[in-house]
Amino acid sequence: MLTPQELRIAGLVADGLSSKEIAAQLFLSPRTVEYHLYKIYPKLGIGTRTELTRLVVLRKAPVAGQDML
């Protein structure tokens, strides 16, 4: 389970922000952002920002069949 800070960082990664941009927005150092990513990846069984983005986008996507008539 991700911490609230890890969830914020994952969302910002999915929005396409760099670690430096995320750090500025959350008042952290880029190294701290990278540390959070280092902790996030094994929790989710992934290894890259691309995979993290994919997971976040899929989680936000509506379930197939939902919103249909």
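Select Phe27 first: this residue is exposed (over 50% relative accessible area; buried is under 20%, partly exposed in between, with a 1.4 Å probe and protein chains only), and its relative accessible area is 77%. Phe27 sits in the loop between α2 and α3; helices here are DSSP runs (H or I, at least four residues), numbered from the N terminus. Although Phe27 is not a glycine, its phi is positive, about 55°.

Before moving on, note what is on screen. This is a predicted model, in which local features need pLDDT of at least 70 and side-chain atom pairs count only at pLDDT 80 or more, while totals for chains, interfaces and linings use all residues. Residues are numbered from 1 along each chain as its sequence is written, and side-chain values use heavy atoms, with hydrogens and water left out.

Colour by pLDDT, the predictor's confidence in each residue from 0 to 100. The chain average is 91, and 90% of the residues score at least 70.

Next, select Val33 in helix α3. Val33 is buried, with a relative accessible area of 0%. Not counting residues up to four places away in sequence, Val33 touches Ile9, Ser19, Ile22, Ala23 and Leu28; contact means heavy atoms within 4.5 Å. Draw a distance from Val33 to Ser19: the two are 14 residues apart along the chain, and their C-alpha atoms are separated by 6.0 Å.

Of its 15 residues, Ile9, Val13, Ile22, Val33, Leu37, Ile40 and Leu52 touch the most other members. Two or more residues each come from α1 (4-14), α2, α3 (30-44) and α4, and α1 gives the most, with 5. Centre on Leu37: leaving aside neighbours within four places in sequence, Leu37 is in contact with Ile9, Val13, Ser19, Arg49 and Leu52.

Last, select the lining of the largest pocket: Leu2, Leu7, Ala10, Gly11, Leu44, Leu55, Val56, Arg59 and Lys60. The lining divides into 6 nonpolar, 1 polar and 2 charged residues.

How values were computed. A nonpolar core is a set of buried Ala, Val, Leu, Ile, Met, Phe, Trp, Tyr and Cys residues joined through side-chain atoms within 4.5 Å. On a 1 Å grid over the protein atoms alone, a cavity is a set of points where a 1.4 Å probe fits but cannot get out, and a pocket is an open set with protein on both sides within 12 Å along at least five of seven lines; lining residues have an atom within 4 Å of a point. Ala, Val, Leu, Ile, Met, Phe, Trp, Tyr, Cys and Pro count as nonpolar, Asp, Glu, Lys and Arg as charged, and the others, Gly among them, as polar.
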